[in-house]
Amino acid sequence: MDWTELEGMISAEIGETFSIDDKHSLGGGCINTAYRLQGSNQSYFIKLNQASRLAMFEAEFAGLEAMLQTHSIRVPRPLLTGVSESTAFLLMEYIPLQASGDDQAMGTQLAQMHRHSADQFGWSRDNTIGATAQINDWTDDWVAFWRQHRLGFQTRLAADKGLERRGVRLCEQLAVQLEHFFDDYQPQASLLHGDLWGGNAAYAADGGPVIFDPACYYGDREADLAMTELFSGFSHGFYTAYQQEWPLHNGYETRKILYNQYHILNHYNLFGGAYGSQAVRMTEQLLSLCS
Ligand code: ADP
């Protein structure tokens with residue numbers, strides 16, 4: 001990374017000279033290296049990865065911008081993405097984050113973001129979930145979208161990675177039976193964060209909620225809610241406020257397992273190990289609900 005070149009790029013973008021007075025390494029990222037860049041007037045947050053991951057950062061930039069345009073829940077304003085030497089970067093507004101704040105506002109504002117909808121399911125570009133590709137081809141039918149681009153895609157990866165054959169077969173059976181979970185429910189295509197675990201949500205200094213590190217697409221809002229429950233970290237007040245703003249439909253508790261099975265399959269594909277048997281157990285549970 002050529003930091004002087006970056007200073008030039010930032011200066012050109014903001015229309016005034018920016019120079020880095022201090023560069024502070026931030027731990028905690030799952031995939032990328034992150035820094036706070038301190039200038040005389042402002043700070044930026046920058047994520048770095050190898051140049052071949054530029055498309056991942058471009059998709060994250062587009063996701064942040066899409067969420068920003070809803071004027072609902074705060075997200076870091078993205079500024080610049082590109083490559084310097086052999087390093088891809090994503091530069092955005094730096095927001096000092098803290099663990100606690102107005103959890104009810106997070107619920108309300110997430111529901112308000114979900115009110116922003118599209119005519120089809122998918123997105124204008126593919127992105128990544130963790131480091132795994134996430135295909136977002138526009139699709140009229142949600143069940144067909146989930147079957148092909150979510151469950152089907154991860155099932156093929158899991159088969160390649162060596163998931164037990166019985167587990168792969170069960171995932172294939174589930175794909176055939178997906179309609180069962182949507183008997184009396186037709187989701188809207190809501191703008192989703194797409195990777196809303198507790199590590200991607202926090203609060204600004206004024207207590208206002210902030211979400212970041214998205215994998216956006218238009219889909220069933222229940223998928224975002226389900227992920228908040230997968231690794232916990234969201235409060236009772238968050239759920240109550242979400243439900244007040246836009247109540248969930250009957251059947252969420254069951255579809256929640258379906259939506260989280262995607263993330264557990266993805267975790268198997270990324271990390272292997274016990275996530276494989278967890279994904280198989282969830283699939284068995286879902287199939288038992290189909291009979
Ligand atoms: P990764 O893509 O590697 O998972 P994240 O986007 O999750 O990285 O960022 C890593 C950490 O940096 C987050 O857990 C959060 O605490 C902090 N962070 C993320 N975005 C910002 C930001 N715009 N301003 C300040 N801190 C941030």
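Tutor: A residue counts as buried when its relative accessible area is under 20%, as exposed when over 50%, and as partly exposed in between. The model here is predicted. By that cut-off, buried residues make up 53% of the 291 residues in the protein chain.

Student: Why is Thr 132 called buried?

Tutor: Its relative accessible area is 9%. The limit for buried is under 20%, so Thr 132 is buried.

Student: What makes the link between Thr 132 and Asn 266 a polar contact?

Tutor: The two side chains meet at 2.6 Å. A polar contact needs an N or O pair within 3.5 Å, one atom able to donate a hydrogen and the other to accept it. The pair is therefore listed as a polar contact between side chains. Thr 132 itself sits in strand β8, residues 132–134. Leaving aside neighbours within four places in sequence, its contacts include Phe 153, Leu 157 and Leu 270.

Student: Why is Ala 62 called partly exposed?

Tutor: Ala 62 has 21% relative accessibility. Buried requires under 20% and exposed requires over 50%, so Ala 62 falls in between and counts as partly exposed. The residue lies in helix α2, residues 54–68.

Student: What does Ala 62 touch, not counting residues up to four places away in sequence?

Tutor: Ala 62 touches Trp 123 and Arg 125. Pro 214 is 152 residues from Ala 62 in sequence, and the C-alpha to C-alpha distance is 9.6 Å.

Student: How do you know that Asn 136 is buried or exposed?

Tutor: Its relative accessible area is 0%. Buried means under 20%, so Asn 136 is buried. The residue lies in the loop between β8 and α4.

Student: Which side chain makes a polar contact with the side chain of Asn 136?

Tutor: That of Arg 150, at 2.6 Å; the cut-off is 3.5 Å. Not counting residues up to four places away in sequence, Asn 136 also touches others, among them Trp 123, Arg 125, Cys 216 and Tyr 217.

Student: How do you know whether the radius of gyration of the protein chain agrees with that of a compact globule?

Tutor: For 291 residues, a compact globule would have a radius of gyration near 19 Å. The protein chain has 20 Å, so the two agree. Along its principal axes the C-alpha trace spans about 65 × 45 × 35 Å.

Student: How many of the contacts with a separation of 6 or more join residues 24 or more positions apart?

Tutor: Such pairs account for 67% of those contacts. The secondary structure of the chain comes to nine helices and twelve strands.

Definitions and conventions: Residues are numbered from 1 along each chain as its sequence is written. This is a predicted model: local features need pLDDT of at least 70, side-chain atom pairs count only at pLDDT 80 or more; totals for chains, interfaces and linings use all residues. Side-chain values use heavy atoms; hydrogens and water are left out. Helices (H or I, at least four residues) and strands (E, at least two) are DSSP runs, numbered from the N terminus. The radius of gyration is taken over C-alpha atoms; the globule rule is 2.2 Å times the number of residues to the power 0.38. Buried means under 20% relative accessible area, exposed over 50%, partly exposed in between (1.4 Å probe, protein chains only). Contact means heavy atoms within 4.5 Å.
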